[in-house]
Amino acid sequence: MHSRLRSVARRVAVGFIAGSALLAAGCSSSKSAPATGSGSGSAATSASSGAAAFPATVTAKNGAVKLAAQPKKIVSLSPSATEDLFAIGADAQVVAVDDQSSYPASAPKTALSGFKPDAEAIAKYNPDLVVVADDTSKIVEQLGKLNVPVLWFDAPNTLDDAYGQITTLGAATGHADKAAATVADMKQKITAAVAAVKKPASPLKYYYEVGTPGNYSATSKTFIGSVLTQFGLTNVADTADKTGGGYPQLSDEYLVTAAPDLVFLADTKCCQQTAATVAARPGWSAVPAVKKGAVVGLDDDIASRWGPRLVQLVQQVSDAVNKAQG
């Protein structure tokens, strides 16, 4: 994969994962992107929440992980996992999070890197559970040698995968009930947002931008693409993904010809993109989304993660689709 495209993909899915990858052409992002695989995770126990649920065994991408007791010192090297942990009531157990975990504000942010994790630096927090979003530097193996349990959750492929990670974290931290309630709430709100969309006579076309310069997009095979597919939209990037990597680079000429009815900008923070900057691009003034005022700026962080705040993004998309139909 082209190095610049690799940077964009990594920003989207792992920052979605946990690190920072810069767009080579000057788009300074603090997020990264998906590794392959769902990393959904599953609980091997069905015990209720709390200390009584232990010992427990849960399953993540790195296989079955045994937990002798309820973790008291958790280190999260994944922005999405950090949001999940706080949402399910495990916040008091979290002693450190990586430098990209920007939400919630109360999370104990540190200089720890999820992109280039350092086992010795992590060990200084004496963790009894570490959650990672990537296995760079073979961090799972390194922490294993220190007898530190690790859960590896990479970027999900589907909503069910994302829900599975929350469920597994609930079982792993002693908050299975709260995790189940969080998942149920997300499902209810996302289902309602999708149901609230008026069905167009013919599918609306959309362009989802994850980084620029270069018009990098995300196809329907990516996690965010699978979420937007629920709205019955047509992704203009799908037919342009010749390598099948999920994050093609599209030319202005291609996008103008594709004539998307909606444009979603997941690069408003990293690359300072707005409806005005899109309209100023060569030929874009003729694009239906620009003409109709259907260029939607998203929060980069929410758009690149898959925790409970994903509901906000889905609701924003729902409103945008209805507005685009007049």
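Predicted model: local features only at pLDDT ≥ 70, side-chain atom pairs only at ≥ 80, totals over all residues.
Hi everyone, and thanks for coming. The average pLDDT of the protein is 87, and 85% of the residues score at least 70. Over residues 1-38, though, the pLDDT is below 50, and this stretch has 144 contacts in the model beyond near neighbours in sequence. Please read that part with care. Residues 44-48 also stay under 50, with seven contacts beyond four places in sequence.

Now to the inside of the protein. Which residues touch the most other members of the largest nonpolar core? They are Leu151, Tyr208, Leu262, Phe264 and Leu313, in a core of 80 residues. Helix H12, residues 310-324, gives the most to this core, with eight residues. There is also a second, separate core of 14 residues, and Ala96, Ile122, Leu143 and Val148 are among them.

Let me stay with Leu151 for a moment. Leaving out residues up to four places away in sequence, Leu151 touches a list of residues including Val58, Ala60, Val65, Leu129, Val131 and Leu169. Asn62 is one of the residues on that list too. Gly63 lies 88 residues from Leu151 along the chain, yet their C-alpha atoms are separated by 8.5 Å. Gly63 itself sits in strand S3, residues 63-67, and with a relative accessible area of 23% Gly63 is partly exposed.

Next, the aromatic rings. A pair of aromatic rings is described by two things, the distance of the centres and the angle of the planes. How many aromatic pairs does a search of the whole structure find? The search finds three. In one of them, Tyr206 and Phe264 have ring centres 6.0 Å apart and planes at 65°, so this pair is edge-to-face. Tyr206 belongs to strand S8, residues 205-211, and Phe264 to strand S11, residues 262-265, so the pair ties together parts that are 58 residues apart in sequence. Tyr206 is buried, at 1% relative accessibility, and Phe264 is buried at 0%.

Then look at Tyr207 and Trp284, whose pair is tilted, with 6.0 Å centre to centre and 55° between the planes. Tyr207 is in strand S8, while Trp284 is in the loop between helix H9 and helix H10, so here the parts tied together are 77 residues apart in sequence. Tyr207 and Trp284 are both buried. Ring pairs also link Tyr206, Tyr208 and Phe264 into a cluster.

Arg281 lies over the face of Trp284, at 5.1 Å from the ring centre. Arg309 does likewise with Tyr103, at 3.8 Å from the ring centre.

Finally, some backbone details to look up on your own screens. The peptide bond from Phe54 to Pro55 is cis, with omega near 5°, and Pro55 is placed in the loop between strands S1 and S2. Another cis bond joins Thr212 and Pro213, with omega about 5°; Pro213 is in the loop between S8 and strand S9.

Where would you find Ser137? Ser137 is in the loop between strand S6 and helix H4. Ser137 is not a glycine, but its phi is positive, about 60°. At 41% relative accessibility, Ser137 is partly exposed. Gln272, in the loop between S11 and H9, also has a positive phi, near 55°.

That's my tour, and I'm happy to take questions.

Key
Residues numbered from 1 in each chain as written. Heavy atoms only, no water. Helix = DSSP H or I, 4+ residues; strand = E, 2+ residues; numbered from the N terminus. Buried < 20%, exposed > 50% of the residue type's maximum accessible area, 1.4 Å probe, protein only. Phe/Tyr/Trp six-rings, centres within 6.5 Å; stacked < 30°, edge-to-face > 60°. Lys NZ or Arg CZ within 6 Å of the ring centre and 35° of its normal. pLDDT = per-residue confidence, 0-100. Contact = heavy atoms within 4.5 Å. Core = buried A, V, L, I, M, F, W, Y, C linked by side-chain atoms within 4.5 Å.
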